[in-house]
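Please keep the sequence and the coordinates in view while reading.

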Amino acid sequence: MPALQFLVASREKGHTIASVIKLRFGLSWARAKRLIEGRHVRIGGQVEADPARRVRPGIRVEVAAGAVEITDQEPGNGDRPKTGRGGGKDKPIGKAKSVDKVRMEKTARPPIQGPRTSIPTPSFEIVYSDDAVVVVDKPAGLTTMRHVGEAEEFGPRGKSFLPKTLADFLPAALGAPGLPVIAVHRLDRDTSGLVVFARTRTAEAHLTDQFRKHTVDRQYLALVRGRPNAKKIDSTLVTDRGDGRRGTGSGPGGKRAVTRVKVVEELGPYAAVECRLETGRTHQVRIHLGEANAPLCGERIYDRPVNGKPAPDGSGAARPMLHAARLGFVHPESGALMTWDAKPPADFAEIWVQLRKNAFHQNAD
């Protein structure tokens with residue numbers, strides 16, 4: 001079975017790849033995101049693992065063979081996915097059979113067959129909790145909270161069919177399964193480290209105001225390719241820098257992003273760096289480091305110049321090596337300034353040690 005291909009249409013300009021895949025194949029948000037995160041989608045010939053990447057008209061999108069099962073073309077489906085094989089002319093292909101017919105390869109998570117009531121709680125550490133807030137050391141691979149679009153599409157009952165998030169697991173871990181926590185910020189699924197949830201609406205409003213005013217102390221540790229200069233990176237981030245990826249640019253909707261970067265340890269052609277956020281934009285650290293010619297080890301999205309090739313990565317990292325190491329804020333009830341630190345997880349520490357060893361041997365030679 002050949003791969004499915006289509007060109008992004010003019011009406012899809014600025015849409016996320018997840019949105020385009022969802023609408024073209026008649027999938028749910030969860031299925032479309034899983035298809036992309038499972039590395040079954042290519043854009044312009046390169047694997048795309050970020051569901052939030054914005055697309056441009058004319059770019060060719062390829063979905064791996066067998067990832068979506070297609071029936072024969074049905075009348076009136078002229079807007080369905082198209083394939084460009086055999087020449088430059090796109091021809092309509094059939095409609096996706098159903099959500100349950102989406103088949104994932106072994107590298108992706110398996111399709112959900114029913115309510116996930118028996119799934120064990122993943123390992124995470126509650127580093128602090130009281131009646132107002134809870135601070136958690138989130139493991140890599142666990143989503144912080146449900147995407148708004150998914151929650152609206154599935155509704156309260158349908159959420160039981162979706163993979164659970166940290167916000168879903170927390171109430172039971174806190175001994176209050178009937179009292180949901182409220183996410184006021186998020187970490188990327190593959191980023192580990194400290195994240196805070198509110199337990200009351202009053203606490204939510206107080207914390208949200210601190211994040212909005214950028215008074216929250218947020219420091220990250222990162223392992224990068226290259227040696228960035230110690231400096232303050234101040235740029236305007238847009239949803240499409242020119243190749244469908246978020247990045248520094250100009251135009252409507254741009255938001256100021258400020259990151260202070262400091263090298264913690266030089267590791268030969270790599271480095272361990274500390275990043276202090278003065279703002280909290282989507283993928284801010286990943287973008288700023290990538291644009292400073294020091295993309296994260298394991299980074300597969302912000303590791304290249306506009307329309308350029310990915311930077312070499314011999315670190316062996318299986319995910320972007322980014323860890324939220326420090327979190328500090330004013331407690332919404334007591335008014336006390338509280339700060340927590342979290343050590344990097346095992347996979348991060350192992351890569352760090354290995355890069356240090358490699359650098360030592362290179363210097364010895």
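What percentage of the 365 residues in the chain do buried residues make up? Buried residues make up 48% of the 365, where buried means under 20% relative accessible area, exposed means over 50%, and partly exposed lies in between, with a 1.4 Å probe and protein chains only. The model is predicted, so that local features need pLDDT of at least 70 and side-chain atom pairs count only at pLDDT 80 or more, while totals for chains, interfaces and linings use all residues. Residues are numbered from 1 along each chain as its sequence is written, and side-chain values use heavy atoms, with hydrogens and water left out.

The chain contains seven helices and 17 strands, these being DSSP runs numbered from the N terminus, with helices of type H or I and at least four residues, and strands of type E and at least two. Its accessible surface comes to about 17,800 Å², of which carbon and sulfur atoms hold 50%; such areas come from the Shrake-Rupley method with a 1.4 Å probe, and for residues only the protein chains shown count as cover. With contact taken as heavy atoms within 4.5 Å, 66% of the contacts between residues at least 6 apart in sequence join residues at least 24 apart.

Helix H1, residues 17-25, is mostly covered, with eight of its nine residues buried; among them are Ile 17, Val 20, Ile 21 and Phe 25, together with Lys 22 and Arg 24. Gly 26 follows H1 and has a positive phi, near 65°.

Strand E16, residues 322-330, is likewise mostly covered, seven of its nine residues being buried.

| Strand paired with E16 | Sense | Bridges | A facing pair |
|---|---|---|---|
| E17 (residues 337-341) | antiparallel | five bridges | Asp 341 and Arg 326 |

E16 and E17 form a hairpin with six residues between the strands, in which Gly 335 takes a positive phi near 80°.

The structure holds zero disulfides, a disulfide being a pair of cysteine sulfur atoms within 2.5 Å. Cys 275 counts as buried because its relative accessibility is 0%, and Cys 297 is buried with a relative accessible area of 0%.

Key: Two strands pair if DSSP finds at least two bridges between them.
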